[in-house]
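Hi,

Here is the structure I promised to pass on. Have a look at it first, and my notes follow below.

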Amino acid sequence: MATNLSVATTSVGGPVLSPVQVIDALDQAILDALASGDLKYYESTSEEVLDSGISYQVRLCPALAKKHQVRAPTPNIAPDSHEVLKVVETIVKTDPFLPPFNTLLVGEMEDADTGETEKDGYYVLLNKYAVARGHFLLVTKLYESQSHPLTPGQLIQTYLLLLAAQSRQRPYFAFFNCGVLSGASQPHKHIQFMPGEPPLERLARSAKIENEARPFVIPKVPFAAHIKRLDRNVVASASSIVTSTYPSSSSSSSEETLDRLGAELSMSFMSVLDEMYQTMRVRAQHNAATGTTTASSDAPSTPSYNVVMTLEHIYLFPRSAEKVVIARDPSGTDEPSHLSATKEGDEPFLSLSINSLGFGGMLLVKSSQELERVKTVGIGRMLSEVGMEPTKEEDNKGCDDVFADLA
């Protein structure tokens, strides 16, 4: 049974904006939301942490330790039709992405794929609990599960917003937490946009790859990170259609450009998804051969992963756990153990939930002690614990390689 539910699929009276208009509207929306008290902005400090030759950004925000955040339960659509009503009731009561939004609403957007505002489309919302100024969300009007992959229309709209931000000299990147182990805080499908550039982008940009039509990896990264470089020609063409009048005016040339962009984004996303499934197969085969039990042994059958999108790359990081939990050293000292798990009731040395930002190279901690423990454990180890090990070259055979062997 599909998990798209007809909850709040119509306009709430907000302006229908183009990608550029969304970016232009952010500053005033932030001021209005701060003045009304709807937006909670938390001051933070950032520190660069070097781990195994990779530079990460760790942001310290003590106010988060005091914030009580209640997560909406992830809806579970059962085959029995009478369960659907319970799911709808749960969504209506707990979903923060249903109206009214008050001053958190920046505007509405039409679906770049269908152009139907009433049945599809998005709300653009400010992140209620902001650590970075300008953090906003693209939320589906029609309820969709956060465990569902991004659609071609969602990929297009995400990329157009990044292009619009670049056109206004306000660089952004986007990220999507997919699945129950991804660090997603809400089950209603939403894509997040952060100002700046993820630290991992510097490594990806400098990577020398033989075939830009295929996904690649960065050897020094100690966790599975599947990356696809986007076609520069397609990107350059798409930049021309991001104007203040889009999408109200259209032409055959702009529609063709949009189609090319959609094809490039969809094929790129599918290619990194294929690499993720290959990573999962190799991991399962290894566990079966060694009799290894992993933290994800009882995980749901639907895979969890993190997606990061920049103007140049799409990244996908498969997940094995939602939270990194490092045990204390058994000697009794305040040092980390080499073990990941702790016995029930034992206080861990470090426990930290990680989402897409962590894999992009940006972590968030709530105290100076937590920051020091992150440095002690090592960020590479932390991400390896909740992600997956990178596959070896001889194991890295995706569907394209299989088809090539059969040709």
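A definition before anything else: two strands count as paired if DSSP finds at least two bridges between them. Helices (H or I, at least four residues) and strands (E, at least two) are DSSP runs, numbered from the N terminus. With that in hand, Asn306 has Phe317 of β12 as its bridge partner.

Two housekeeping points. This is a predicted model, in which local features need pLDDT of at least 70 and side-chain atom pairs count only at pLDDT 80 or more, while totals for chains, interfaces and linings use all residues. Residues are numbered from 1 along each chain as its sequence is written, and side-chain values use heavy atoms, with hydrogens and water left out.

The overall picture: the protein has 10 helices and 15 strands. Of its 407 residues, 50% are buried (buried means under 20% relative accessible area, exposed over 50%, partly exposed in between, with a 1.4 Å probe and protein chains only). Taking contacts (heavy atoms within 4.5 Å) between residues at least 6 apart in sequence, 72% join residues at least 24 apart.

Now the 8-stranded sheet. It is open, its pairing is antiparallel, and the strand order reads β4-β5-β7-β9-β8-β11-β12-β10. β4 (105-109) and β10 sit at the edges with a single partner strand each, so one side of each has no neighbour in the sheet. From one strand to the next the twist averages 20° (axes are lines fitted to C-alpha atoms, for helices over the stretch in contact, and angles run from 0 to 180 degrees between N-to-C directions).

At the β10 end, β10 (residues 226-229) has His226 and Lys228 pointing one way and Ile227 and Arg229 the other, and all are buried. β10 runs antiparallel to β12 (residues 313-318), joined by 4 bridges, and Arg229 has His313 as its bridge partner in β12. On to β11 (residues 305-309), which pairs with β12 in the antiparallel sense over 5 bridges.

There is also an open sheet of 3 strands, ordered β2-β3-β15, with mixed pairing. Here β2 (45-51) and β15 (362-365) are the edge strands, each with a single partner, so one side of each is left without a neighbour in the sheet. Neighbouring strands are turned by 30° against each other on average, direction ignored. β3 (residues 54-60) and β15 run parallel and are joined by 4 bridges, with Val58 opposite Leu363 in β15. Helix α9 (residues 379-386) packs on this sheet, touching β2, β3 and β15, and its direction makes about 85° with that of β3.

The axes of α5 (residues 232-239) and α6 come within 9 Å and cross at roughly 140°. The two helices are therefore oblique to each other (under 35 degrees is roughly parallel, over 145 roughly antiparallel, 65 to 115 roughly perpendicular, the rest oblique). Val234, Ser237 and Ala238 in α5 meet Thr257, Arg260, Leu261 and Glu264 in α6.

Cheers
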